[in-house]
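Here's a quick tour of a two-chain structure.

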Amino acid sequence: VRVEIDGQPVDVEPGTTILEAAQSAGRYVPTLCFDERMAPFGACRVCMVGAEGAAAPLAACTTPCREDMRVDTTDETSRRIAAATVELVLSELPEPPGEHTELAAVARHFGIDEPRWQGERRRPAHDRRHPYLALQHELCISCGRCVRACDEVQGAFALTATGRGFHSGITAGLDSGFVDSTCVSCGACADTCPTDAITEHTLLDMASAYTGNGGTT
Amino acid sequence: VTSRFDATTTTTCGYCGVGCRLEAHRADGRIASISPAMDGPANKGHTCVKGRFAHQFSRSRDRLTAPLVRESGGFRLASWDEAIGRIADAFGRIKAEHGPDAIAGLASSRATNEDCYVMQRMMRAAIGTHNIDNCSRVCHSPTSWALRKSFGMSGATGSFDDIEAAQVALLIGVNPTQGHPVVGARIKQAAIKGLKLVTADPRRIELADYGEVHLGMRPGTNAALLNGLAHVVIRDGLVDERFVAERTEGYDALAELVAAYTPEAVEEITTVPAADLVAAAHLYASAERACILWGLGVTEHRYGSECVRLICNLALLTGNVGRPGSALLPLRGQNNVQGSSDHGALPDTFTDYRHVSDESVASAFEERWGVTMKREAGMKIPEMFDAAVGGSLKAMYIFGEDVAQTDPNTEHVVHALESLDFLVCQDIFENETTKYADVILPASSFLEKTGTFTNAERRVQLVEAANDPPGSAKTDFEILTTVSRALGHEMGYETPSDVMDEIAELTPRYAGIRHERLGRGGLQWPVAPDGTDTPILYEREFELPGGRGQFAPLPYKPPGDAADEEFPLILVTGRRLEHYNAGTMTRRTGNLTLMSADWLEVHPDDAAALGLTEGETVTLRSRRGQVKLPVQITGRIEPGHVFTAFHFPEVRTNLLIGPSADVNTSCPEYKVVAVAIEPAGDRISEPLAAEPAVSA
């Protein structure tokens, strides 16, 4: 299949997604819920791109390339939608995400600093029962990456998405924490988390040593 | 990129033999975090609770940070010069009085290829003995022996990628989701996507829940099971006739032998229902692409090496070798079980398993090292201990191995260590074995050294130092080359890379291996001079005379121990997810919180018969010794059998294991020990209450 990404022709195998084609052409498309280790999910709406003839922007991670498709990764409508989505996500967090996180990198890409919306923010809720893994529920953006890493990379099936809307999040086991769940402590969830909602105690301790406030527990 | 870390080093995991590539992140002079390399060929962006998290041991307060020498019943700190001077004096004196063969050395399957090569060179060239062995003796030496006899080379025939390419995988005596977690995860994911699994183990392992058939054979009856599978393959016309005719030898003798192994006869011996055996044979032999994976449940038996040959028979019968998706994959227990043996840390072979009596090989090494060597093999590990007790072995140099904790027949091992005139231990912690040392040298962990490990796929991968050794501890490369110099043999290497250059020069199958060529993905030996590697062995012919694979007609023989009236149960030992072997590393990490003590798995029927309750502490007694531990009642084990691990010195499971060993390789029979359970009268304390669930 031949497609054009930002004017550059690319030949890809049938079934290749727009995101994969763009990456092979060396074009950056921001993502939040995507991780190459897992099947595409299409939840975060941050990888939106324009395509000639398409009625609306497309999610690059889940849309397969079609013959002669012309994709514009810099499409203004797509950018506006994606940026607004990221801004909404940020507006729920009690504090800006750590600079090293993927969420912070995506926010920088869209030039979002302080969100314009000053509504209700999530309250810190931490679970530090596991010897390595730390849960910071308030930072969860429901991208589903941890749940899918647990299912599709490890196969422990220990994590579940819970709640709705503002109250959505993830839980280990039946809210019993990692240790009493089927968790095998592989850490794939922490590895994939784009916000540090799941991270390591040692990394939190390191952050608090620098800033003096990383440990909000 | 916005990084929290001062530096990130890509290296290779030092725990099991899967060979995960890791990114070690350093901050403030210590390892702050470890994450999986996305492009690791074995791990593909994943790792496990050990590789990712269990790294705090490397900065544990009780790391050895300076040499220790024995003085008036205890140890005192010493300078490197004094410690090495003592070694040179003692070894010189013993060599002069008793000859070089009164000294023996153990290299380590935890150490790099370069360290192991330097160690065997030190023993052979600086001391002048072939008394060098390594801990693969007690795990996969039977695999190595058998693969060489059946196919020609000592290594997996393919790669982990063959698991996803296969239609069927047969798992025998291996529990990957516990022992090799990343490969376990790969198998589980493949099974979810359609790979059909056949599992064979005295325990109903987790992957059995994702499989088609589980064969719960009695411990020690693997040979009957494997011959039974071969019987069904032949009886039901599932043989790959063309493959057998063109590429193998010895079919008729095998067919004659296995004729008696009817499913019904095999059920008598193994307790595996005849119909399950038939179903398993059909699944394996009907697949176009099928892999076999095995572990220490096959090898650590009296006839373990023969059983590996019987596994090879199945692959030869069905043509399931030498093609993508049709691999034989022994899962290696330690990070460098493959490499330590590949690189000559064995009493009978130089690099690439070339015998010390091979004149052209031996003279090439002699010329390179400027020494002359005997053409007779040295002692294997159990022979060393016997010789120490007998008085002919006077000194040992033990590098990275806690034999007093991990080797069988512990009492005999301790007696051997006590009998030595002089013992050197080179390790990162004091352990059960260092208690008997005269000099203890502080060494480096895998996070502090440079070199290569060879994983279970024959993949030679780079190890790079992510941190410095603590205190005045040194890298093993530096220690061994310095000791060798003090013994009068200058090796002339500046870096571990120089060592690999010498190995490549002297070893045709490793001719193209250079550190600078290994890159991020490593190379699978054999490696041609131009750097071309070999993911799949035997695509056209086997590495044996005539190029043909050799069938082995070997009958079932009973194991070295059997249940009787006094010892009515059979103990199987193995590994658990959270810990690693002697536990020296993992017990110094948060993994101890995840699993803080060992337990004995007992079937509900046996528990009822003995009146045992969950959590009750019992005395487990064998013909050799006894230990105490709490009981867990579980249907995952077959009635008549009990299981525990060997990670805790508090339990010292190996006190129970006798001297029975593999007939060809002396690998101990850890997997079949007759035992009796008696109530110990005390209860284990209640688990500690969890901390508050959520704080805000």
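**Where the chains meet**

Across the interface of chain A and chain B, 14 residue pairs are in polar contact, both partners being at pLDDT 80 or more. Keep in mind that this is a predicted model.

**The A side of the interface**

- In total, 36 residues of chain A are in contact with 38 residues of chain B.
- The two chains bury about 3000 Å² between them, with 54% of it on carbon and sulfur atoms.
- There's one salt bridge across this interface: Arg52(B) pairs up with Asp191(A) at 3.2 Å, N to O.

**Arg21(B), buried without a salt bridge**
- You'll find Arg21(B) in strand E2 (residues 21–27) of chain B.
- Arg21(B) is buried, and the nearest side chain of opposite charge, Glu464(B), sits 5.8 Å away, so no salt bridge forms under the 4 Å cut-off.
- A polar atom of the Arg21(B) side chain does lie 2.8 Å from the backbone oxygen of Leu462(B).

**Arg247(B), another buried arginine**
- Arg247(B) belongs to helix H9 (residues 241–247) of chain B.
- Arg247(B) is buried with no salt bridge too, and Glu246(B), the nearest side chain of opposite charge, is 7.0 Å away.
- Its side chain reaches the backbone oxygen of Glu539(B) at 3.3 Å and that of Arg540(B) at 3.4 Å.

Definitions and conventions: Residues are numbered from 1 along each chain as its sequence is written. Chains are lettered from A and ligands numbered from 1 in the order in which they are written. This is a predicted model: local features need pLDDT of at least 70, side-chain atom pairs count only at pLDDT 80 or more; totals for chains, interfaces and linings use all residues. Side-chain values use heavy atoms; hydrogens and water are left out. Helices (H or I, at least four residues) and strands (E, at least two) are DSSP runs, numbered from the N terminus. Buried means under 20% relative accessible area, exposed over 50%, partly exposed in between (1.4 Å probe, protein chains only). Lys and Arg count as positive and Asp and Glu as negative; His and the chain ends are not counted. A polar contact is a pair of N or O atoms within 3.5 Å; within protein, one must be able to donate a hydrogen and the other to accept it, and residues adjacent in sequence count only if both atoms are side-chain atoms. Contact means heavy atoms within 4.5 Å. Buried area is the accessible area (1.4 Å probe) that two parts lose on being put together, summed over both.
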